[in-house]
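Have a look at the structure first, then read on.

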Amino acid sequence: MKHTLIKIIFFAIILAGFAACKKEVYPEELHFIVIDSFTRKPIANAAVYLSKTWQNPRKIGNNAQAGDWFPEYGRKHMIETQTGNTNNEGKISFSQDHKKYLYIIPSAIAEGYQMPVLDTLRKFRKKNANDAVYEIVMQPMVKTTFIFKSQTVGAETDSLLFSSFDKVKVMRGAQIDDSLVVYTRNYIGELNTNVWYGGNISRNGKKQTLCSYVVSQVNKNNAFRINIDL
């Protein structure tokens, strides 16, 4: 009996060794480039986030029965995050631990761009792991510039309160020369979008309320002058 037990332990050690050799080797680094979907040019200083999920090798419970659909039931999912900013060439690399990730979801945030569709990096093949560069493609938002420039001299107590989407601009003085830039989302396939605005003008003792919109085109320099002379 004793010799049989020793043989079982010996063979178990050998099998464990083979299993370790077959463990998939993950890349030392993951490489990304963030680009503009329209111009295909790199986006510098974009914030890139990696959300990585893997399973703890130890089960904290084992309620699964033979033949169940979810044999991994009871394993604890572990989540890691990594963040960084792209360089002037729109590139960034993240060092990785050798863990068998279930999935890695990259995302990015950049001024003037919409959140990209999330992609899942599932498996990294050893033969191209160190050379693979994953693209994060971001769709530019619609840029609209409102221009405020008085043609006549008013009073120092004159004021203009202007708002569009989540931006608010307050201007004061006898002569106003300013601008406001807003970014709005658009749906893929649409060539233009309505950009609503509102505000209150107080000049030379007169007051006026603004409530209207402009039509901005996708991937165009949309500049609109707002008449503030009453």
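In what order do the three strands of the open sheet come?

1. The order is β10-β7-β13, with mixed pairing. This is a predicted model, so keep that in mind throughout. At the edges sit β10 (177-184) and β13 (222-226), each pairing on one side only. On average, neighbouring strands here are turned by 20 degrees against each other, ignoring direction.

2. Zooming in on one pairing: β7 (residues 142-149) and β13 run parallel and are joined by five bridges. Phe 146 has Phe 224 in β13 as its bridge partner.

3. Now the largest nonpolar core, which has 17 residues. The members touching the most others are Phe 32, Val 34, Val 48, Ile 136 and Met 138. At least two residues of this core come from each of β1 (29-36), β2 (47-59), β4 (91-95), β5 (101-109) and β6 (133-138). Apart from this core there is another, of 15 residues, including Phe 148, Met 171, Ile 226 and Ile 228.

4. Beyond its neighbours within four places in sequence, its contacts include Val 34 and Ile 136, along with Ile 92, Phe 94 and Ala 108. Gln 82, Thr 83, Gly 84, Thr 86 and Ser 107 are in contact with Val 48 too.

5. On confidence: the chain's average pLDDT is 79, and 72% of the residues score at least 70. Residues 2-25 stay under 50, and the model gives them three contacts beyond four places in sequence. Where pLDDT is low, predicted coordinates should not be read in detail.

Technical notes. Residues numbered from 1 in each chain as written. Predicted model: local features only at pLDDT ≥ 70, side-chain atom pairs only at ≥ 80, totals over all residues. Heavy atoms only, no water. Core = buried A, V, L, I, M, F, W, Y, C linked by side-chain atoms within 4.5 Å. Buried < 20%, exposed > 50% of the residue type's maximum accessible area, 1.4 Å probe, protein only. Helix = DSSP H or I, 4+ residues; strand = E, 2+ residues; numbered from the N terminus. Contact = heavy atoms within 4.5 Å. Pairing = 2+ DSSP bridges. Axes fitted to C-alpha atoms, helices over the stretch in contact; angles between N-to-C directions. pLDDT = per-residue confidence, 0-100.
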